[in-house]
Amino acid sequence: MNPSLEPRTIGSLEQMWRKSKALFSVWFAHMTVYRAEILIWMLSGVVPLIMMSVWIGKAAASGGEIEGFTPASFAAYFLAAWVSQQLTVAWVAWEMDFQIRQGELSSRLLRPLDPFWEHFFRHFSERFVRGPFILIIVIAGSLIVPGTRLTPDLWHVLLYLLVINLAFAMRFLIAYCIGVLCFWLENATAFDEFFYVLLTFLAGGFAPLEFYPPAARAIIEWTPFPYLVYYPARVLTGALTAPEILHVIGVQLLWIAVFFVLRAVLWKAGLKRYGAVGA
Amino acid sequence: MIEVTGLEKHYTVAEKEPGLSGSIRSFFSRKSKTVKAVDGVSFSIASGEMVGFLGANGAGKTTTLKMLSGLLHPTAGTATVAGFTPFERRASFLKTITLVMGQKQQLLWDLPALDSFQVNRAIYEISDADYAATMLEFTELLDLEGILKKQVRKLSLGERMKCELAAALLHRPKVLFLDEPTIGLDVNMQVRIREFVAAYNARFNATVILTSHYMADVTALCKRIIVVDKGRIIFDGDLSALIEQSSPAKIVKLQLESSVSREHLETYAPVQRLDGLFAELLVPRAETSRVSGRLLSELPVADVTIEDPDIEEIIGQLFQSQRVQPLPTLESVTQ
């Protein structure tokens, strides 16, 4: 059930393009129906913006700088962290959980396309509805704190686009693995909630990793969390050198490979257990 | 087209005593038991055949259909559909079949049905020419004009079911598994859906397995029926043969002009019901015309109708008897 290598998924490039186009346009249409809900949902990810004001206050109180972070660089970091968090949101665990428990997965399994792709396009198209709102908040945030420059140049934006897409792929695959656990458990969303709490504290939305105790940071570096928010935010704000960025990309690809394989294994084993309840 | 041998599906079901104490006990030690939803089913269906799958709720009909459409892995036994092993779920297999579940939907709730059609068109790799031709045909057969561009959630149940059927058949599958396709629909809409399935079968020589609680669906579409009970097949054969065999008598209903005593009526045939001027007699099939002739000439009859017994009743008797023997005039029954 490897989603990209499966013969059923890819007929020819043209068919692939047609499928992508159809899935994108239909889910984009669906997401625009829910644009107001998406905006409200975005507000639930407001932690980095709150932390931004906390840290700016602290910096101002201690003579304008902490660990090399000025109010403007805090603003840039937390805005970038917030954007990164917004662009890596994945709710596929909830969808999988619902589909498996309610038996809705059945109608998806009857189609000659791995449901993976439909979930992917739901998330992908949603980003285009979320995008304009993100832009407005970023511009507003940059104007509020004087001297804030989110990113030094276009190159960093381009590199960021790559890194943030890899971060999304990581988050999406992790959530997918959590959702697929519902083949074995009564409910998998509790795990996703737990993951979300870890994400909030360990991914960099609370504070840049520089402010964590060195021992804690050393452990966090071995988890996927900083590669979802912290490192992408550092890439966007221009804080990393080229070799450091390459290292980030390498680690991200490694995590993607791990969760990609894990998802495939879990999915294949899970389908055998699927009870198609109520459907 | 469909070959099934010794198919079984067992589920492990968690059991819990009702109430708080039951919940606390099951929190620490969960009991479970194995339920045999399908217990050794075998049958064979030819290409183009329409077969009715009958049985009470929980008899194993839907589980069998799910195994045949590749959603469930069988616990034991084999199934072949159009030359494929269903649970391998190969793309070419999935393009050959469809499963319509009356109680489930595949259409996107917030968008017009046409959007869901577009997705299926791409996923099933339907060519522009085929899509246009199929849409033209379905729009006419199902009277879809005007409802395809409405949000699905704003459609009536009947309209939605028509769109569900069209979406499920857009890729022109050769094998149709229809699970309660008319559930909850009014009589007119049921007839419409039935006619559509019959037309589709005739047009594409499609093989159809149909389950329904409405016996009229089955009698209108299927010559052959398979009756399942507790996961086993208890009858497999011709519907008309089942009626003849299980009920050797026809029901002659008489509307009388003046009252006739039960004793007198009994001299013609056993009386099933006598209610004032209305009487029901059970007349052996072979003697139906002779006895009704006598009734008409010798009694003050205002009106007479001759009917087969209610099929639901016959099926009900079949469940109760539990010891259905392979009847000599029928195809063999697989237990």
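**Entry 1**

I started with A:F120, which is partly exposed, its relative accessible area being 22%. My cut-offs here: buried is under 20% relative accessible area, exposed is over 50%, and partly exposed is in between, with a 1.4 Å probe and protein chains only.

Housekeeping before I go on: this is a predicted model, where local features need pLDDT of at least 70, side-chain atom pairs count only at pLDDT 80 or more, and totals for chains, interfaces and linings use all residues. Residues are numbered from 1 along each chain as its sequence is written, chains are lettered from A and ligands numbered from 1 in the order in which they are written, and side-chain values use heavy atoms, leaving out hydrogens and water.

**Entry 2: aromatic pairs**

How many aromatic pairs are there over all chains? I searched the whole structure and got 40. Rings of Phe, Tyr and Trp (its six-membered ring) pair if their centres lie within 6.5 Å; planes under 30 degrees apart are stacked, over 60 edge-to-face, and the rest tilted.

I looked up A:F24 with A:F128: this pair is edge-to-face, 5.3 Å centre to centre, with 85° between the planes. It links distant parts of the chain, since A:F24 is in helix α1 (residues 13-33) of chain A and A:F128 is in helix α7 (residues 115-144) of chain A, 104 residues apart. Helices here are DSSP runs (H or I, at least four residues), and strands are too (E, at least two), numbered from the N terminus. A:F24 is partly exposed at 25% relative accessibility, and A:F128 is partly exposed at 46%.

Back to A:F120. Its ring and that of A:F168 have centres 6.3 Å apart and planes at 50°, so I noted the pair as tilted. A:F120 is in helix α7 of chain A and A:F168 in helix α8 (residues 154-180) of chain A, so the pair ties together parts 48 residues apart in sequence. A:F168 is buried, at 8% relative accessible area.

**Entry 3: charges over rings**

For this I needed NZ of Lys or CZ of Arg within 6 Å of the ring centre and within 35 degrees of the ring normal. In chain A, the charged end of A:R263 sits over the ring of A:Y176, 4.9 Å from its centre.

**Entry 4: a helix in chain B**

Is helix α2 (residues 61-68) of chain B mostly covered or mostly uncovered? Mostly covered: seven of its eight residues are buried, among them B:L65 and B:M67. After α2(B) comes B:G70, with a positive phi near 90°.
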